[in-house]
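Good morning, colleagues. Please look at the sequence and the structure while I speak.

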Amino acid sequence: MGLFKFALRGSYKNYYEQLKELSKQNHKNSFLMFIDTGLACIFCKSGLQDYLNYKFYEKSWEERKTYATIGYQHEFYKIAAHWDYAPFFSNKVNFHKNFKKFVKRECVSYDDGLDKVTEFIKNHKEIVRKPINGLGGASVEKIETKSIKNIEEFYNKLKEDNCFLEELVIQNKEWSKLNPKSLNTIRVVTYCLNGKAKLLFAVARIGSGKSIVDNFHQGGVGVKVNIDKGCLEGNTIDKANNESPTTSVTNIKVDGFKIPYWKEIIKMTQEAAKVNDNVNIVGWDVGITDNGPVIIEGNRGPGMDIIQVLYKRGVKPDLEQIKSEILESKKPWVI
């Protein structure tokens, strides 16, 4: 029952209010959907958000069982993205060092000292301030360095908040048409085993214009990527499952929109995946500049929610195949 408690740790009241609103649209009883949520938690290892994200209220039990729910992912990543390697990716200063070839921009942390931070600020007109350990684009801030009046005070605040600074990524002009006010990225999920890497899934994330970041949690939208054609496919979808054929800020039609440097993105992420293939599954957030792609960050054991929402199918069968391959590779040789 531990998983059940974990899945329902959120606010029952807020969740039930969401179900009541949903019941007005799909004409299903909100209380029965609430009970159904609990059953899905028990039999599919899902959570509250899974039930809403994947529209389980519209799906049969057979369909539900194809989804990589929060409980399933937790177990899967014990095998495919072991926790021991988390700091290699999740500590963003470490990440910059480990993937310098692909990041292609400068960064500095408070550990480098006041003089280095001062030099970095003086050498750049605009910079990005980020938590050294952070998720979902929270607390990411673009700063004009001329607005920093007291560098020592700024440095002390950087240290207090456990943040670092990095060079601002200047977005590709064509890609910027989707939203020039946010850094729009491609989430590329790679699978690497025994030095062989391949691309599994890819989606684009477009900002809302309210923040420099593009994350779902910060009001952004997602669009599926057609991997073979290197273009966006279908409609944008936001965190509330609202769909639109165009971007909200620039009113650009997304279906068929060509992704600049797509072949280079594939090559770069596959190469990056080989840097540490002790972590078999990585979600790379890729920015696009006029000079080509750059990796913004890598996510060890990336959440599959945005992938499954945009692909409109469960990816559990894909992950089960990968799990079998990983476990098979760990078997001792039999002579």
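This is a predicted model: local features need pLDDT of at least 70, side-chain atom pairs count only at pLDDT 80 or more; totals for chains, interfaces and linings use all residues.

Residues are numbered from 1 along each chain as its sequence is written, and side-chain values use heavy atoms, with hydrogens and water left out.

In H2, Tyr15, Leu19, Leu22, Ser23 and Asn26 are buried, meaning under 20% relative accessible area with a 1.4 Å probe and protein chains only, whereas exposed means over 50%. These residues cover an arc of only 110° around the axis, so they lie on the same side of H2; the arc is that of the directions from the helix axis to the C-beta atoms. Lys13 and Lys24 are exposed on the other side of H2. The buried residues of H2 pack against H3 and helix H4 (48-53), contact being heavy atoms within 4.5 Å. Just after H2, His27 takes a positive phi of about 60°.

Now to helix H14. Its buried residues are Leu319, Ile322 and Ile326. They cover an arc of only 60° around the axis, which puts them on the same side of H14. Their packing partners are helix H6 (70-80) and strands S5 (185-193), S6 (196-206) and S10 (281-289).

Finally, Leu32 belongs to helix H3, and it counts as exposed because its relative accessibility is 57%.

Key. Helices (H or I, at least four residues) and strands (E, at least two) are DSSP runs, numbered from the N terminus.
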